[in-house]
Amino acid sequence: MGETFNCLIMGAAGRDFHDFQMFFRDRPQFHVCAFTATQIPFIESRTFPRSLAGPNYSADIPIFPESQLPDLIRRFHIEFAFFAYSDISHVDLMHKASWVQSCGASFVLLGPRQTQLNSQKPVIAVTAVRTGAGKSPLSQWLSRKLTDDGRHVGIIRHPMPYGDLERQAVERLASFDDLQRFQCTIEEREEYEPYLEQGLIVLAGVNYQAILKIAEAEADVILWDGGNNDFSFIRPDVTIVVVDALRPGHEILYYPGETNLRQADIVVINKVREASVQSLSEIRQRVQSLNPRATVIESDLSIAVDQPELITGRRVLVIEDGPTLTHGGMSYGAGTLAARQFGAGEIIDPRSAAVGTLAEIYRQYPHLGDVVPALGYSTKQCGELAQTIEHSGADLVIDASPCRLDRILELKTKVVRVSCRFQQTAGIPLYEEILQRMNRSEV
């Protein structure tokens, strides 16, 4: 068999498990001694099950906090540390590489060729250059267009297995009851509920080979809805990347967002209404420089509010999508825009009302001000979110998280919902361009 190399996978409960299945499971010469975890709370101190690890592993593989990396490299005599998570700045990525190398190990990034599955069905991948760029509204718009066109769409979502990995190996979500059955966190609900409301089935989990087989059996076309700014787990026939016009420059400053930009067939510059002329010009020039073959279109997000008249003159608490505000780095979103548009009397600063891990989030992310990130990675954290809301003294909650918080939390305060819809504003018609590219790939 030759030499065996001790390896460690640096992850965040997503790509790390997929990369293991694709690259390490059947390569015994690369022995994974441990995973590390970061970005997402409460995901360390678990194990990767032996049942998913395959015949070359006699026990579960432990998962540790990334902060223990130097000790783990020494303890397990690690020779290769494989980086396997997303939405990290290029500078921070190289700090991680330097950290690993200073401990004597090599730092490795696996690419699409080693980690992507091949599908028997056409695949459209929607990715982004940053968390919160607007890929979910675009993916949902595209799923509606394909469905209205008479196609059976298989939605495969980037993984979010934050609980029992063995039980979450394959998640097929066809109803709201399935959200409870799989004990989905608020972050998972934010991504799954809009599809369930369309009557579509969502697939996610740990074992994407099994997940893809189910999708291929049920669908005419596969739609990959990416997470953070990661690239697709399935080799796409059409790759769409969303660029955030409100964060100019980020399209070339974060990993693997720049990878997505360079390999995209279609680049969607989103949120153009709020962007400056200079920002849009700079983004167009960078896209042209890095990927001149891509089709470029521009778009915006329209905001829909149920009962907007309730906002006027009220003291409101704005709740936005959690990951967009935290590691996505945004300080506001659709909820804040709705509060301004409909004349809220005051947008409350929630920091003095925050409790538990929510209070810690404001210390960890000091750019956050008068918004609440919709974080609920555990029952306890959901309770802390509810307490923060009730302690704020708000007349009204503006819920701009993509899920219905009033379905999850027991709240006395009135809630109005804000949702976003994708709207193309410039360029050739996006849907027709997707179909043409998909048809050419089938020839």
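Q: A strand is a DSSP run of E with at least two residues, a helix is a run of H or I with at least four, and both are numbered from the N terminus. How many helices and strands are there in the protein chain?

A: There are 17 helices and 21 strands. The model is predicted: local features need pLDDT of at least 70, side-chain atom pairs count only at pLDDT 80 or more, and totals for chains, interfaces and linings use all residues. Residues are numbered from 1 along each chain as its sequence is written, and side-chain values use heavy atoms, with hydrogens and water left out.

Q: What does the C-alpha trace of the protein chain span along its principal axes?

A: The trace spans about 70 × 55 × 45 Å.

Q: How do I read burial, and what share of the residues of the protein chain count as buried?

A: Look at relative accessible area: under 20% is buried, over 50% is exposed, and in between is partly exposed (1.4 Å probe, protein chains only). Of the 443 residues of the protein chain, 58% count as buried.

Q: How do I read a contact, and what share of the contacts join residues at least 24 apart?

A: A contact means heavy atoms within 4.5 Å. Take the contacts between residues at least 6 apart in sequence: 79% of them join residues at least 24 apart.

Q: Where does Arg15 lie, and which residues does Arg15 touch?

A: Arg15 lies in H1, which runs over residues 15-24. Arg15 counts as buried because its relative accessibility is 6%. Leave out residues up to four places away in sequence, and Arg15 touches Ala84, Thr115, Pro159, Asp230, Phe231, Ser232 and Phe233.

Q: Now a strand residue. Where is Ala37 found, and is Ala37 buried or exposed?

A: Ala37 is found in strand S2, residues 30-37. Its relative accessibility is 7%, so Ala37 counts as buried.

Q: What separates the C-alpha atoms of Ala37 and Glu66?

A: Along the chain, Ala37 and Glu66 are 29 residues apart; their C-alpha atoms are separated by 5.3 Å. Glu66 is also among the residues that Ala37 touches, with neighbours up to four places away not counted.

Q: What can I say about Thr336?

A: Thr336 sits in helix H13, residues 334-341. At 2% relative accessibility, Thr336 is buried. Apart from its neighbours within four places in sequence, Thr336 is in contact with Val318, Glu320, Ile347 and Val371. From C-alpha to C-alpha, Thr336 and Asp370 are 8.8 Å apart in space, and they are 34 residues apart in sequence.

Q: Next, the backbone. Which residues does a cis peptide bond join?

A: The cis bond joins Tyr255 and Pro256, with omega about -5 degrees. Pro256 is in the loop between strand S14 (254-255) and helix H10 (257-263).

Q: What is phi of Asp87?

A: Phi of Asp87 is near 55 degrees, a positive value in a residue other than glycine. Asp87 lies in the loop between strand S5 (80-84) and S6. Asp87 has 4% relative accessibility, so it counts as buried.

Q: And where is Gln307?

A: Gln307 is in the loop between strand S16 (295-305) and strand S17 (315-321). Phi of Gln307 is positive too, near 55 degrees. With a relative accessible area of 34%, Gln307 is partly exposed.

Q: How do I read a pocket, and what volume has the second largest pocket?

A: On a 1 Å grid over the protein atoms alone, a pocket is an open set of points where a 1.4 Å probe fits, with protein on both sides within 12 Å along at least five of seven lines; lining residues have an atom within 4 Å of a point. Points are joined across faces, edges and corners, and the volume is the space filled by probe spheres set on them. The second largest pocket has a volume of about 640 Å³. It is lined by 25 residues, and Thr38, Gln39, Ile40, Gln364 and Tyr365 are the closest to its centre.

Q: Which element gives the most to the lining of the second largest pocket?

A: H14 gives the most, with four residues. Strand S6 (88-89), helix H4 (90-102) and helix H14 (356-364) each supply at least two residues of this lining.

Q: How do the residues of the lining divide?

A: The lining has 11 nonpolar, eight polar and six charged residues. Nonpolar means Ala, Val, Leu, Ile, Met, Phe, Trp, Tyr, Cys and Pro; charged means Asp, Glu, Lys and Arg; the others, Gly among them, are polar.
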